[in-house]
Amino acid sequence: MGVVKGDQMILNIGPQHPSTHGVLRLEVMTDGEIVSEIRPHLGYLHRCFEKHSENVTYEQVIPFTDRCDYLAAMNSNFGYVVAMEELMEIKVPERVDYIRIIMGELNRIASHLLALGVYGLDIGAFTPFLYMLRDRERILDMFEYTCGARLLYNYMWVGGVSHDLPKDFEKICIGFLDYFEPQIEEYNNLLTYNKIFVERTADVGVIPADVAVSYGVTGPNLRGSGVKWDVRKDEPYSIYDRFEFDVPVGDGHFGTLGDCFDRYWVRMLEIKESVKILRQALKDIPGGDVHQMLPKKIRPPKGSVYRRTESPRGDLGYYIMSDGTPTPYRVKMRSPAFTALSVLDEVSRGWMISDVIAILGSLDIVLGEIDR
Amino acid sequence: MTVDMLMDWFATIGDFPILSFLLAVVISGVPLFLVMALNAMVAVYVERKVSAFMMDRIGPMGQGPGLHAGKWGLLQTAADAVKLLVKEDTIPETSDKLLFKMAPFIIFIGAFLGLAAVPFSSVLQVADFNVGVFYIIAVGSIGVIGIVMAGWASNNKWSLYGAMRSAAQIISYEIPAGLSIIIPIMMAGTMNLQEMIHFQEGNVWGILPNWIIFNNPFTFIAFFIFFISAVAETNRTPFDIPEAESELVAGWMTEYSGFRWAVFFLSEYANMLVVSGLAVAGFLGGWQSPIPGMFDTGAWGLFWFMSKLIFLIFVMMWFRWTFPRLRVDQLMHVCWKVFIPIAMFNIFGVGIWKLIFG
Amino acid sequence: MSKYFANIYDTVNTLWTGMRITWRHMMNIKRDNVTLQYPEERWPRPERNIGFEHEDYNVIRSRLHVDIDDCIGCLKCERACPVDCIKIDTIKAPTRGEDIPDVKHTGETSNGTKKAMVVSRFTIDMSECCYCNLCTYPCPEECIFMVGGPNSSKHPIDYEFSEFDRTDLIYQFAKKLSPEQKDGLQNPKPEAEA
């Protein structure tokens, strides 16, 4: 922290604060309400994910990946297993690929719903939050139906998934999508187009495209700045190249390109794209045995792999190094929320305390993933 | 009015002016306090239910035996009140203790004094001033002193931010509220609330009751400006920036707990009652029936006044559970650049209207 | 100037749209209500199901349970657990596949596997369990499982196992053995000499 001048005050936001999205501590230098510097302090949720992984077998790492990004655990699983399969050169059955994409996209919707709802809550609107949570609940019900867990799934395994889809899952999922699509319009009417919400978010916390790229910001935050980069499209993994979907980018809908509203709006549009992918996947899903390619013993050859996937928060990369034993030599996770948080100081200088909360909410960070 | 009637009645018994004055004040003040407490309890329950229903929840409920909140959670606020009363009362070590203890009383006084002039019916009004409107607006500003005291004395940065925001907000919004309430005064030609309500008797344009809001287009706009400014004065969403929970934790109330906090809460709801009461008396015909000439005798007056009051309070809750919160500078923008010019324009408009048509 | 009024109109319009939505929800609360009044109503909720039958679930991760009579003491679940919450001690049985009545040890599992081990200790610390379900897959006898749902025939669902004391969350599944019994199993007496 710099020198505190006579008219400045250090304000300590967190670690216990209603809108730090977990346990984040922000040391904020303020001049009245105007913020001049922010220093985030991390580590309140540090659980030694990477070190811990070196002491457990490859399949036992998967429950730990759940607990990194706990709001999108399916996508965390997805990244890890895709990386492992690349390392072990396993080609999974087609049905497994489809199931993974269905689960991943459902979890993307769930994660974005929470992000948008909590963002409304940060701005002060309570009701949209509960509507979004109500619909997220339906998705969690479907996950529970499939794999028994609602939040931390341990569903995707190296070479397959733990359970086949249950009875009538396709029908139930289509039923949910039919119910869900009109709800998006209701969220928009209730929150997105609300003039107060627009005033609070448009033109606030602009991340220009070059700043976003130089900080390594990824995912919806990068696309909100107008950069069309989506790992699903540009570096397709699994079978994402088979699906028709757009990559929504921010366009300065109500304000400047790259403001809080754009990041919010990109997430809202991504939900619609996910629904599109889900409909295609549910239509084309083939039959087959999901346990067919499960290796008897996971013992990858010597070597290393880096694979990035598109989690709801951005580029989620796994670097896995194997020394030929049943336990990994090194597992490194590249967390998208970490880079998103690093840009906070730069974009919130000169804004008010209320705006810092709005900017932090629009970045959609998950502290479990930042601290790992 | 009640005080005057009681004093007149005491005067018929004997000649003890000071004692009779005290008795009259106590006899009319105690029910007023009960009204305030009852209002807070009912309003908290209703607010919980309204918010729950708007969010597809059902709010406080209790069905089974044992320590449940009663049927439909009716005992919930009673249980909350008991909890607040027996809760530990914490005072921060580094606070300014005298100011910290005084602040709740000052806020309470502001709300209580305002309630004294609210005309619940043609007879039920504790004090019938000849400057009733002016009085309510004036005592309404006392509360802000208490808020600033609470924020400063807590010795907490969140509280200080909340208090500063609150001071700026309440003082600013008093101007459009005051400018809008001038319009009923212009129309009725009096500041006395009872006379103002009497002015609103009868019909206008054949069907509508002769309430000031329906009198002409300018008064119609003035009502909305007054009502929204009143929402801002009571620190409720979308103008709840002094206690913005997602930014300032609890604003100026952060360090308060137990009964002191309950007093804040009581005052907030009493303030809602006062400003809605003023809006009803000034614009919505007070205790007049909406169908002129019908149902306007005796207790019907109280009924109509309360229904209008409850409707306005419901609208405040409706606002709260629908809208996001404004930012400080936007709040000022709305006040100084939108409300005040329109309110000024309204005054001219009403003046010219009166000149031509009245 | 026109922008000023357009702004005001926009504000009133969008706010009114939002208010209409909340009003509609308030009026339709009977239909839209999603609250589960927990102690009175329990999951799975009968009147508002969303198409899921209880038995159709692939698995319900509520609590681990062990059918100790089927356990052969192979330690596979202990090794699979990423957080080491399963602890098993075994003693070699004197004769493979034979009942030992005084410690209530059955010689065969329900699948017909002859047991070579007497499980003297089988504890699961449910306060440490991370509900990853990894222990249930390797089990050759399918005797460790999550209760409820598809396993309802084996054990009723139990998702509210709260306790006042943390040690009460350590579930003991093995039959209690006294030190003498343990000792007797470890050093079997020679056959009756008489």
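**Close-up views of a predicted three-chain model**

**View 1. The two domains of chain B.** The domain assignment of chain B, with bounds from an automatic or database domain assignment, gives domain 1 (1-86) and domain 2 (95-357). This is a predicted model, in which local features need pLDDT of at least 70 and side-chain atom pairs count only at pLDDT 80 or more, while totals for chains, interfaces and linings use all residues. Residues are numbered from 1 along each chain as its sequence is written, and chains are lettered from A and ligands numbered from 1 in the order in which they are written. The C-alpha centres of domain 1 and domain 2 of chain B are 20 Å apart.

**View 2. The side of domain 1 of chain B that touches domain 2 of chain B.** Contact (C-beta atoms, placed from the backbone, within 7 Å) involves 16 residues of domain 1 of chain B and 21 residues of domain 2 of chain B. On the domain 1 side, helix 1 (2-13), helix 2 (17-54) and helix 3 (76-86) of chain B each supply at least two residues. Helices (H or I, at least four residues) and strands (E, at least two) are DSSP runs, numbered from the N terminus. Helix 2 of chain B has the largest share of this side, 11 residues. By class, this side of domain 1 has 11 nonpolar, four polar and one charged residues. Ala, Val, Leu, Ile, Met, Phe, Trp, Tyr, Cys and Pro count as nonpolar, Asp, Glu, Lys and Arg as charged, and the others, Gly among them, as polar.

**View 3. Chain C against chain A.** In this interface, 26 residues of chain A are in contact with 25 residues of chain C. Helix 1 of chain C gives the most to the chain C side, with eight residues. That side of chain C has 14 nonpolar, eight polar and three charged residues.

**View 4. Helix 6 of chain A and helix 1 of chain C.** Helix 6 (residues 169-192) of chain A packs on helix 1 (residues 2-27) of chain C at an angle of about 125°, with the axes 8 Å apart. Axes are lines fitted to C-alpha atoms, for helices over the stretch in contact, and angles run from 0 to 180 degrees between N-to-C directions. The contact is made by A:Glu186, A:Asn189 and A:Leu190 of helix 6 of chain A, and by C:Thr17, C:Gly18 and C:Ile21 of helix 1 of chain C.

**View 5. The open sheet of chain A.** Three strands of chain A form an open sheet in the order 1-2-3, with antiparallel pairing (at least two DSSP bridges between two strands). Strand 1 (9-13) and strand 3 (34-41) of chain A are the edge strands.

Note on methods
Contact = placed C-beta atoms within 7 Å.
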